[in-house]
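Below are some notes for a colleague going through this entry.

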Amino acid sequence: MKPVERAKLVRSLRQESRRLRLLVLVIGFFLVTLTFVVISKPDALLFNLNGRLSVDQAPRSLLIRQRVHADSGRSADTEDPKVVGEDEGAPAKETSEEKRLLTSEPEQIKNEEGLVGGGEEDNKGEQDGHQQQHHKVTLPTVSNYTIPDAEEADNGKQEDGKPNAEIKLEMDADKRDNVEPETDNVEWNNKPLCDFSNFRANVCEMKGKIRIHPNASSVMYMEPASSKRQELWKVKPYPRKGDELCLGNIRELTVKSSKVAPECTKYHNVPAVVFALTGYTGNLFHDFTDVLVPLFTTASEFNGEVQFLITDMAIWWTRKYKVVFDKLSKYPLIDFNNDDQVHCFKHAIVGLHAYMEFTIDSSKAPHNYSMVDFNRFMRRTYSLPRDFVTVLGEIPKVKPRLLIISRQRTRMFLNLKEIVAMAEEIGYEVVVEEANVSSDLFHFGKVVNSVDVMMGVHGAGLTNCVFLPQNATLIQIVPWGGLDWISRIDFGNPAEQMGLRYKQYSIGVHESSLTDQYPLDHEIFTNPLSFHKHGFEFIRQTFMDKQNVRLDCNRFKPVLLDALDQLNQ
């Protein structure tokens, strides 16, 4: 072979060798690339090159695989079971989970499937005790959806090294007393805020978000934004409804529903009871029938966990009955008229539940409270020892005790010494005490609780019967003038409701001091009821303020003897 031909052959073989090596390299690169794509990232081919595919456009298989991977105890490669009855050749139907994922809003999918942020599973250790490996949930893009776990771990601590959860707990501990409680009171949302149906007292009661703003004389019930209720009530929280003379000096409050209110400055976790003290307080009878009995009825159910807000407060009065307030509430009284806070409550009552004079209607009162309960409450409040009277003769040589309530200005006993002598003669140990506004209730309560029978002329002093033990006897002397009905209402019915025995003695014309002012044939004696048409004020001035009693001991003695007999029962 010629040298020239041999050189051409060598050159040709070299070129073929280069082509073969290039082909092998191309085929090898293709196989490596194909293997990488098929084995490691099959879904990556479906994303476009700029990486801006939205989450709701992401392949369903990726979302479902991520969901399955997050569930403990399940494999990421677990296949969905076939649905019984489906044709194998038919396209697989979407499972309920797949449908939910496909129809959910993008933000919901991101939160539930772990595409944004770490779920609860990211913070739990695996059951085998090994630390779970943190993964970066990454879509093939450099957009906001890429959330590295390392950043989450760094954000879990502050500069001082405390976890955010610990710092939050510390803040909550500092603020928990100043957080307005959330309430869900569908029933109360459908009820009127106030009840004006009672003949004696208007009462408003509400549960929810309540703002009490003394400066504005307002009580606001916060309505949800969707509510269409618009209520506004004017209330004077003193139980003398219709008595304009009494209510003239009582502060009027506005109770209303509202969607806008001033910001809370004081939060309370107990109910509120708002009531007034002006009016007729200062008279012992009205202290009880207008305030203490209604307050007991309204507030007892809270067992001391209640806040009182008092309008028109009289400091001397609250001091006189401090022991009662302390028994009903564990919290200092709030002087409504001189308070500048915005108080927030979740339960509030404006006004007091009141019924007939000096009584409790147990069929309407909360928890069916009764005057027996009130009588027991007063004995315990003042630490009185006797709950029941002593049966006559049970304790040898101990006489039954009779308390005579004396008066020094009006409706006085003109023959008090004669009455005492007669009572002692038939077997009583007699005690005479005067009751007035300045009486020490601790002292007077102990005296009343120590006796078996108490008697007196119609008046505020008989209110002390609240301290009597059960089955004791109250005897009311009724002045002349057709006053039997009012005497019965004021003291007869309350005494019987308290579990006491009650006797009523109406004096005759000859026992009244009015005979010193009018002739016996005067209409005041022949037809006293005709004077009632002039109104109660005229009745009070004529038959109460200007009349004293000269008791006929012979006529009255059977009443005391009957009370003695009842002590044997």
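1. Is Cys-246 buried or exposed? The model is a predicted one, and in this model Cys-246 has a relative accessible area of 3%. Buried means under 20%, so Cys-246 is buried. Cys-553 also counts as buried, at 7% relative accessibility.

2. How many disulfides does a search of the whole structure find? The search returns two. With the bonded cysteines of the chain numbered in sequence order, they pair 1-2, 3-4.

3. Because Cys-194 lies in strand E1 (residues 194–195) and Cys-204 in strand E2, the pair ties together parts that are ten residues apart in sequence. Cys-194 is buried, at a relative accessible area of 7%, and Cys-204 is buried at 0%.

4. Another disulfide joins Cys-264 to Cys-344, with an S to S distance of 1.6 Å. The link of Cys-264 and Cys-344 is left-handed, with -90 degrees about the S-S bond. This pair connects distant parts of the chain, 80 residues apart: Cys-264 is in the loop between strand E5 (253–258) and strand E6 (266–267), and Cys-344 is in strand E10 (residues 343–350). Both ends are buried: Cys-264 has a relative accessible area of 9% and Cys-344 one of 1%.

5. Strand E2 (residues 203–213) also contains His-213. The relative accessible area of His-213 is 18%, so this residue counts as buried. Leaving aside residues up to four places away in sequence, His-213 touches Ser-218, Met-220, Pro-262, Gln-341 and Val-342.

6. What is the order of the five strands in the open sheet? The order is E12-E11-E13-E14-E15, and the pairing is parallel. Strand E12 (429–434) and strand E15 (501–506) are the edge strands, each pairing on one side only. From one strand to the next, the twist averages 20 degrees.

7. Within this sheet, strand E11 (residues 401–406) pairs with E12 in the parallel sense over six bridges. Leu-403 stands opposite Val-431 in E12. Helix H15 (residues 484–497) packs on the sheet, where H15 touches strand E14 (473–478) and E15. The direction of H15 makes about 165 degrees with that of E15.

8. Helix H18 (residues 553–567) lies across E11, strand E13 (453–457), E14 and E15. H18 runs at about 175 degrees to E15.

9. At what angle do the axes of helix H9 (residues 284–299) and helix H12 (residues 371–381) cross? They cross at roughly 95 degrees and come within 10 Å. That angle makes H9 roughly perpendicular to H12.

10. The contact of H9 with H12 brings Phe-288, Leu-292, Val-293 and Phe-296 in H9 against Met-371, Asp-373, Phe-374, Phe-377 and Met-378 in H12. Of the residues in this contact, eight are nonpolar, none is polar and one is charged.

Key: Residues numbered from 1 in each chain as written. Predicted model: local features only at pLDDT ≥ 70, side-chain atom pairs only at ≥ 80, totals over all residues. Heavy atoms only, no water. Axes fitted to C-alpha atoms, helices over the stretch in contact; angles between N-to-C directions. Helix = DSSP H or I, 4+ residues; strand = E, 2+ residues; numbered from the N terminus. Parallel < 35°, antiparallel > 145°, perpendicular 65-115°, else oblique. Contact = heavy atoms within 4.5 Å. Nonpolar A, V, L, I, M, F, W, Y, C, P; charged D, E, K, R; others polar. Pairing = 2+ DSSP bridges. Buried < 20%, exposed > 50% of the residue type's maximum accessible area, 1.4 Å probe, protein only. Disulfide = S-S within 2.5 Å.
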